[in-house]
Amino acid sequence: MTLEALLFDVDGTLADTERDGHLVAFNMAFADAGLDWHWSDELYGKLLAVTGGKERILYYLDEFNPDFKRPAELETFIADLHKAKTQLYTDLLGQGKIPLRPGVERLLNEARDAGLRLAITTTTSPANVEALLVNTLGRDSINWFECIAAGDVVPAKKPAPDIYLYAMQEMKLQPEQCIAFEDSRNGIVSTTGAKLGTIITVNGYTAEDDFSGALLVLDQFGEPGQPFTVLEGQVNGTDYVNLALIQKLHAIHVARAAS
Ligand code: XBP
Ligand code: MG
């Protein structure tokens, strides 16, 4: 099986969107709605246990704000709040405040030059993916991805494997033809459930997560002259993620899958 495609998570993997983007936008939406809720950075770290903004708001109410007097139409209330949050989040991205993580743009370009197929596989809303791509790589970059699998397109969000299964089905790919990129425990549970080989780049919220089953765990993709730190796995002298390294890891995944 040759490597055909790279599948990218967005939040935490392509950019550090959680602390500087999603968290800020959630709190702004709460204030705009006249709610006295405020999610601290520490609380948000706990809320990230649940993926998806709407699901996360419900988890917050269930676990951290049980005394809140819920409106009769709770689902609509949460959907409206989340819609406002998406608008605020895309506005933040429009201000150019959230850059891509080191090595992301270089790796995407290397993959495109080599003719690899690309997909986005994320829990976040499609509007948020578009805003990040447009504001970091330019409008044309949306077309670099053959499939943008995002948000509510599947009913079960990560850690369910569904978003990865959906993207592979759309692209008519088998897991052994792909490598996935993730940053979190929920992400690797999702990719592993879809039988994908996975490269992890951690961030502040996920550095302590359990990444059992990952092909490699790094602090970042790295760049020439800006080496990554290896947290788990073997890189044989390479110090930034390039296609040669991904091909070697892919071969290991195919061998593991066959055994
Ligand atoms: C990302 C998420 C998202 C964002 C919020 O998880 O959990 O829910 O925090 O996005 P992953 P929305 O990186 O594992 O895909 O508010 O648009 O749902
Ligand atoms: Mg993520």
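Which residue of β3 does T121 stand opposite? T121 stands opposite A149, and the points below place this pair within the predicted model.

1. **Basis of the note.** This is a predicted model, in which local features need pLDDT of at least 70 and side-chain atom pairs count only at pLDDT 80 or more, while totals for chains, interfaces and linings use all residues. Residues are numbered from 1 along each chain as its sequence is written, chains are lettered from A and ligands numbered from 1 in the order in which they are written, and side-chain values use heavy atoms, with hydrogens and water left out.

2. **Overall form.** The protein chain has 9 helices and 7 strands; these are DSSP runs, H or I of at least four residues for helices and E of at least two for strands, numbered from the N terminus. For 259 residues, a compact globule would have a radius of gyration near 18 Å, and the 18 Å of the protein chain agrees with this. The radius is taken over C-alpha atoms, and the globule rule is 2.2 Å times the number of residues to the power 0.38. Along the principal axes, the C-alpha atoms fill a box of roughly 55 × 40 × 35 Å.

3. **Surface and contacts.** Of the 259 residues, 53% count as buried, where buried means under 20% relative accessible area, exposed over 50% and partly exposed in between (1.4 Å probe, protein chains only). The accessible surface comes to about 11,700 Å², of which 50% belongs to carbon and sulfur atoms; such areas come from the Shrake-Rupley method with a 1.4 Å probe, and for residues only the protein chains shown count as cover. Among contacts with a separation of 6 or more, 63% are between residues 24 or more positions apart; contact means heavy atoms within 4.5 Å.

4. **The sheet.** Strands of a sheet pair through backbone hydrogen bonds, either parallel or antiparallel. Here an open sheet of 7 strands has the order β3-β2-β1-β4-β5-β6-β7, with mixed pairing; two strands pair if DSSP finds at least two bridges between them. Strands β3 and β7 (230–232) stand at the edges with a single partner strand each, so one side of each is left without a neighbour in the sheet. On average, neighbouring strands are turned by 25° against each other, direction ignored.

5. **From β1 to β3.** Strand β1 (residues 5–8) runs parallel to β2 and is joined to it by 4 bridges; the partner of L6 in β2 is L118. Helix α6 packs on the sheet, touching β2 and β3, and its direction makes about 130° with that of β3. Axes are lines fitted to C-alpha atoms, for helices over the stretch in contact, and angles run from 0 to 180 degrees between N-to-C directions. Strand β2 (residues 117–122) is in turn joined by 4 bridges to β3 (residues 147–150), and the two run parallel. Together, β2, helix α6 (residues 126–137) and β3 make a right-handed β-α-β unit. A crossover is right-handed if, with the strands pointing away from the viewer, the path from the first strand over the helix to the second runs clockwise.

6. **Strand β4.** Why is β4 described as largely enclosed by the rest of the structure? The description holds because 5 of its 5 residues are buried. C178, A180 and E182 point one way from β4, whereas I179 and F181 point the other way. Strands β1 and β4 run parallel with 4 bridges, and F8 stands opposite F181. Strands β4 and β5 are also parallel, joined by 4 bridges, with G197 in β5 as the bridge partner of I179. The chain crosses from β4 through α8 to β5 in a right-handed β-α-β crossover.

7. **Helices α7 and α8.** Helix α7 lies across β1, β2, β3 and β4, running at about 155° to β3. In helix α8 (residues 185–193), the buried residues are N186, G187, I188, S190 and T191; these pack against α7 (162–171), β4 (178–182) and β5 (197–201). Just after α8, K195 takes a positive phi of about 65°.

8. R106, in helix α5 (residues 104–113), counts as buried at 19% relative accessibility. Beyond its neighbours within four places in sequence, R106 is in contact with residues including F221, E223 and Y240. L88, in helix α4 (residues 74–94), is buried with a relative accessible area of 14%. Leaving aside neighbours within four places, L88 is in contact with A25, M28, A29 and D32. The C-alpha atoms of L88 and M28 are separated by 7.5 Å, although the two lie 60 residues apart along the chain.
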